[in-house]
Amino acid sequence: MPISRSITLSSNMQQFRTNNPYETQFGYSRAVRKGPFIFVSGTTSLDPDSGELRHPGSAYDQATATFDEIVRAVTALGGTKSDIVRVRMFVAKDEDTGRVGDALRDALGGVGPAATMIVGERFVSSEMLVEIEADAVVLA
């Protein structure tokens with residue numbers, strides 16, 4: 001199954017969707033744009049083709065892949081990486097916080113968004129070590 005990404009327009013709102021199986025199962029969009037605001041839902045390192053988790057065992061690599069997917073979603077809705085103003089990082093294990101912080105710095109350090117990290121979360125798959133949400137504001 002090839003990677004599928006789609007944008008749907010409805011009543012002043014754009015929705016960006018991928019083949020992530022949870023989007024279909026639970027009925028949500030990867031990202032939504034309303035006016036200048038883009039909201040990216042909880043994103044993990046699931047491969048959109050296979051639905052398999054990428055980088056099992058590596059919080060840094062999972063976070064890096066997740067930030068890449070977040071930037072793709074923001075870009076698809078007309079924003080850029082520099083429009084990302086806030087991220088919320090959910091991390092399963094205490095010992096992974098430093099590496100997830102490193103991934104944030106490597107991916108968005110030049111942008112410097114507001115950030116929150118919450119530790120001790122359990123995700124829909126026990127192999128998921130990180131889930132990240134992001135908000136962006138696109139000013140004309």
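Predicted model: local features only at pLDDT ≥ 70, side-chain atom pairs only at ≥ 80, totals over all residues.

Residues are numbered from 1 along each chain as its sequence is written, and side-chain values use heavy atoms, with hydrogens and water left out.

**Exercise 1. Find the strands that pair with β7, and say in which sense they run.**

Solution. Begin with the terms: helices (H or I, at least four residues) and strands (E, at least two) are DSSP runs, numbered from the N terminus. Two strands pair if DSSP finds at least two bridges between them.
- Step 1: Strand β4 (residues 37-43) is antiparallel to β7 (residues 130-137), with five bridges between the two.
- Step 2: Strand β5 (residues 84-91) also runs antiparallel to β7, joined to it by seven bridges.
- Step 3: Now look at Ile132 in β7. Thr43 stands opposite Ile132, and Met89 stands opposite Ile132 too.

**Exercise 2. Describe the surroundings of Ser41 and Glu133.**

Solution. Contact here means heavy atoms within 4.5 Å.
- Step 1: Ser41 belongs to strand β4, while Glu133 belongs to strand β7.
- Step 2: Not counting residues up to four places away in sequence, Ser41 touches Tyr28, Ser29, Arg30, Ile132 and Glu133.
- Step 3: Ser41 also has a polar contact (a pair of N or O atoms within 3.5 Å; within protein, one must be able to donate a hydrogen and the other to accept it, and residues adjacent in sequence count only if both atoms are side-chain atoms). A polar atom of the Ser41 side chain lies 3.1 Å from the backbone oxygen of Ser29.
- Step 4: With residues up to four places away in sequence left out, Glu133 touches several residues, including Val40, Ser41, Gly42 and Arg86.
- Step 5: Glu133 has 26% relative accessibility, so it counts as partly exposed (buried means under 20% relative accessible area, exposed over 50%, partly exposed in between, with a 1.4 Å probe and protein chains only).

**Exercise 3. Which elements each supply at least two residues of the largest nonpolar core?**

Solution. A nonpolar core is a set of buried Ala, Val, Leu, Ile, Met, Phe, Trp, Tyr and Cys residues joined through side-chain atoms within 4.5 Å.
- Step 1: The largest core has 27 residues, and those with the most contacts inside it are Ile38, Val40, Phe67, Ile84, Val87 and Ile132.
- Step 2: At least two residues of this core come from each of β4, α2, β5, α3 and β7.
- Step 3: Helix α2 gives the largest share, seven residues.
- Step 4: There is also a second, separate core of five residues, which includes Leu46, Leu53, Phe90 and Met128.

**Exercise 4. Is Thr66 buried or exposed, and what does it touch?**

Solution. 
- Step 1: Thr66 lies in helix α2.
- Step 2: With a relative accessible area of 0%, Thr66 is buried.
- Step 3: Leaving out residues up to four places away in sequence, Thr66 touches Thr43, Thr44, Ser45 and Ile132.
- Step 4: The Thr66 side chain reaches the backbone nitrogen of Ser45 at 3.4 Å.

**Exercise 5. What is the phi of His55, and where is this residue found?**

Solution. 
- Step 1: His55 is found in the loop between β4 and α2.
- Step 2: Most residues other than glycine have a negative phi.
- Step 3: The phi of His55 is near 60°, a positive value in a residue other than glycine.
- Step 4: Just after α2, Gly78 takes a positive phi of about 95°.
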